[in-house]
Amino acid sequence: MIPSSEVTETATVSETVTSTSTDNERIEILREVDDEEVRRQKKLEEALEAKSLRRIISAYLNYPEAAEEDLKKWERSYRKLSPAHKALVPHYALKFQRLRRCISTNSYFIFNMLQAFEPPIDLSQDLDGCEDSNLDCAPHEKYILDERHDPSCQPALTNNCAHEEESKSMHDSELQRMDSSAPPPNNHSEDTRINDKRYDCDGGHLNHDHDNASLSSHDWLDPSLQTHVPLVDVDKVRCIIRNIVRDWAAEGQRERDQCYKPILDELDSLFPDRQKKSIPPSCLVPGAGLGRLALEISCLGFISQGNEFSYYMMICSSFILNYAQVPGEWTIYPWIHSNCNSVSDNDQLRPVSIPDIHPASAGITEGFSMCGGDFVEVYNESCHAGMWDAVVTCFFIDTAHNIIEYIETISKILKDGGVWINLGPLLYHFADTYGHGNEMSIELSLEDVKRVASQYGFEIEKERTIETTYTTNPRSMMQNRYYAAFWTMRKKCAKTT
């Protein structure tokens with residue numbers, strides 16, 4: 001006969017085992033639910049990104065149609081003139097013919113650019129089956145081009161508009177792409193990935209491995225994947241064309257001298273012995289746009305990484321950096337979209353050759369790269385903490401919803417003693433965002449910006465004002481100018497006890 005105490009003890013052990021088993025099963029179920037939610041969220045984000053990228057591609061593809069509509073409007077106005085008034089401007093009919101040829105040339109450049117673009121995601125996916133109450137919010141907002149610095153993009157009534165990536169990596173004459181997770185500057189991997197697609201280089205040309213590509217270069221341009229987009233999206237394409245002049249045309253040299261040269265000169269003076277070091281100093285350029293400043297910094301002898309956030313910019317910078325064969329390979333007509341403030345028709349319709357240099361032959365330093373993604377999201381990763389010798393921001397810090405977060409991130413990623421060089425205005429891009437009541441916009445004065453920077457360990461070493469323009473037609477009768485803040489701040493070394 002078994003003692004009753006042993007029976008009770010056995011029952012207690014059994015209950016404990018059963019309870020533990022039940023808890024483990026519950027934990028496993030919760031884990032599976034969490035994993036499923038992560039997968040669902042990831043699928044949703046990918047679908048939103050695909051929708052956003054399709055919309056941006058459609059904006060590029062809608063360019064010729066939208067430009068033709070503008071031209072037809074001008075023609076309708078001309079036809080309303082009396083015969084006597086038409087006789088005073090007999091060249092107008094010829095001007096319209098010339099404008100159509102200009103539009104065709106721009107469209108040819110755009111389509112070649114799109115054909116070269118390798119979408120990093122599957123553009124055939126959609127939002128079907130992705131149930132989410134927030135799907136109606138504009139998915140393109142994460143990949144927005146903000147043209148507020150470009151006065152020709154600003155609506156007349158609101159007097160504001162909105163500013164603007166694919167990963168590219170260059171090594172000497174070789175260009176390659178890198179992971180958008182942005183490895184820290186000491187990573188010199190010669191074999192890199194973006195969204196699980198591999199790109200190897202040979203002699204300055206990209207060899208594309210399409211094994212992981214979801215759609216070929218031609219399939220994703222299929223009309224079934226294209227949509228009509230608001231004209232404001234096409235306006236962003238026109239802004240990109242003007243940005244090309246700023247970064248990659250001889251005509252933009254004056255503006256580059258105003259904005260980029262002070263930065264380059266400052267970097268040159270702050271790191272005089274960089275050529276003697278076994279590892280060059282590292283420099284990050286958030287808001288790199290079409291990549292010229294980041295490339296020029298690389299040519300100075302820095303491990304330079306540009307960070308850009310907008311697919312509008314990414315598609316174009318990738319084409320110029322990775323596919324340009326010779327200087328002056330392409331012709332564009334950047335000033336044709338407005339008849340205002342032109343001294344002559346020839347000024348308005350003048351061609352611009354791009355690029356003014358061959359990027360792969362510019363003398364870049366090993367490690368040059370472009371990283372796509374939101375600045376704060378990408379560089380708040382712990383692998384970037386204290387990794388950068390310099391951060392350069394040019395017409396960038398006012399693109400923030402929260403400029404304090406930008407300053408905090410810059411401080412976090414700089415090494416002790418590292419430098420932050422800034423040039424630009426404070427035209428906060430979300431300051432007057434109508435129709436988005438919950439849109440966050442922290443709009444500090446210049447004094448407050450400097451005060452906040454001091455709280456994050458920065459000390460001002462140099463400071464002055466630089467007068468400059470932004471994507472301005474140098475022959476226009478209207479020239480909008482900025483009195484941009486230019487400074488060098490150094491991150492104080494942490495005190496040791």
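Biologist: What are H5 and H6 to each other, roughly parallel or roughly perpendicular?
Modeller: H5 and H6 are roughly perpendicular. Angles of 65 to 115 degrees count as that, those under 35 as roughly parallel, those over 145 as roughly antiparallel, and the rest as oblique. Helices (H or I, at least four residues) and strands (E, at least two) are DSSP runs, numbered from the N terminus.

Biologist: Before we go on, what kind of model is this?
Modeller: It is a predicted model, where local features need pLDDT of at least 70, side-chain atom pairs count only at pLDDT 80 or more, and totals for chains, interfaces and linings use all residues. Residues are numbered from 1 along each chain as its sequence is written, and side-chain values use heavy atoms, with hydrogens and water left out.

Biologist: Back to the helices. At what angle do H5 and H6 pack?
Modeller: About 70°, and the axes of H5 (residues 231-248) and H6 (residues 253-270) are 8 Å apart. Axes are lines fitted to C-alpha atoms, for helices over the stretch in contact, and the angles run from 0 to 180 degrees between N-to-C directions.

Biologist: Which residues of H5 and H6 make the contact?
Modeller: H5 puts in Val245, Arg246, Asp247 and Trp248, and H6 puts in Glu255, Arg256, Cys259 and Tyr260. Contact means heavy atoms within 4.5 Å. By class, four are nonpolar, none polar and four charged. Nonpolar covers Ala, Val, Leu, Ile, Met, Phe, Trp, Tyr, Cys and Pro; charged covers Asp, Glu, Lys and Arg; the others, Gly among them, are polar.

Biologist: And H2 with H4, at what angle do they pack?
Modeller: About 175°, with the axes of H2 (residues 63-79) and H4 (residues 92-116) 10 Å apart. That makes H2 roughly antiparallel to H4. Residues in the contact include Tyr63, Leu71, Trp74 and Tyr78 of H2, and Phe96, Leu99, Ile103 and Ile110 of H4. The contact divides into eleven nonpolar, two polar and four charged residues.

Biologist: Strands now. How many residues of E7 are buried?
Modeller: Six of the six, so E7 is largely enclosed by the rest of the structure. Buried means under 20% relative accessible area, exposed over 50%, and partly exposed in between (1.4 Å probe, protein chains only). Ile303, Gln305 and Asn307 point one way from E7, while Ser304, Gly306 and Glu308 point the other way.

Biologist: How many bridges join E7 to E10?
Modeller: Four, and the two strands run parallel. Pairing takes at least two bridges found by DSSP between two strands. Glycine 306 has methionine 370 of E10 as its bridge partner. E7 also pairs with E6 (residues 282-286), in the parallel sense over five bridges, and leucine 284 stands opposite glutamine 305 there.

Biologist: How many residues of E10 are buried?
Modeller: Five of its five, residues 368-372. Phe368, Met370 and Gly372 point one way and Ser369 and Cys371 the other.

Biologist: What joins isoleucine 354 and proline 355?
Modeller: A cis peptide bond, with omega about -15°. Proline 355 is in the loop between E9 (352-354) and E10.

Biologist: What is phi of phenylalanine 395 near?
Modeller: Near 50°, which is positive in a residue other than glycine. Phenylalanine 395 sits in the loop between E11 (388-394) and H11 (403-413), and at 1% relative accessibility it counts as buried. Threonine 471 also has a positive phi, near 45°. Its loop lies between E13 (458-468) and E14 (482-491), and threonine 471 counts as buried at 4% relative accessibility.

Biologist: What about E11 and E12, in which sense do they pair?
Modeller: The parallel sense, over six bridges. Cysteine 394 is partnered by leucine 423 of E12. In E12 (residues 414-424), eight of the eleven residues are buried.

Biologist: Last topic, rings. How many aromatic pairs does the structure hold?
Modeller: There are 19. In the pair of tyrosine 60 and tyrosine 312, the ring centres are 6.0 Å apart and the planes at 50°, so it is tilted. Rings of Phe, Tyr and Trp (its six-membered ring) pair if their centres lie within 6.5 Å; planes under 30 degrees apart are stacked, over 60 edge-to-face and the rest tilted. Tyrosine 60 counts as buried at 1% relative accessibility, and tyrosine 312 at 3%.

Biologist: Which residues do ring pairs link into a cluster?
Modeller: Tyr108, Phe109, Phe319, Tyr323 and Trp330.
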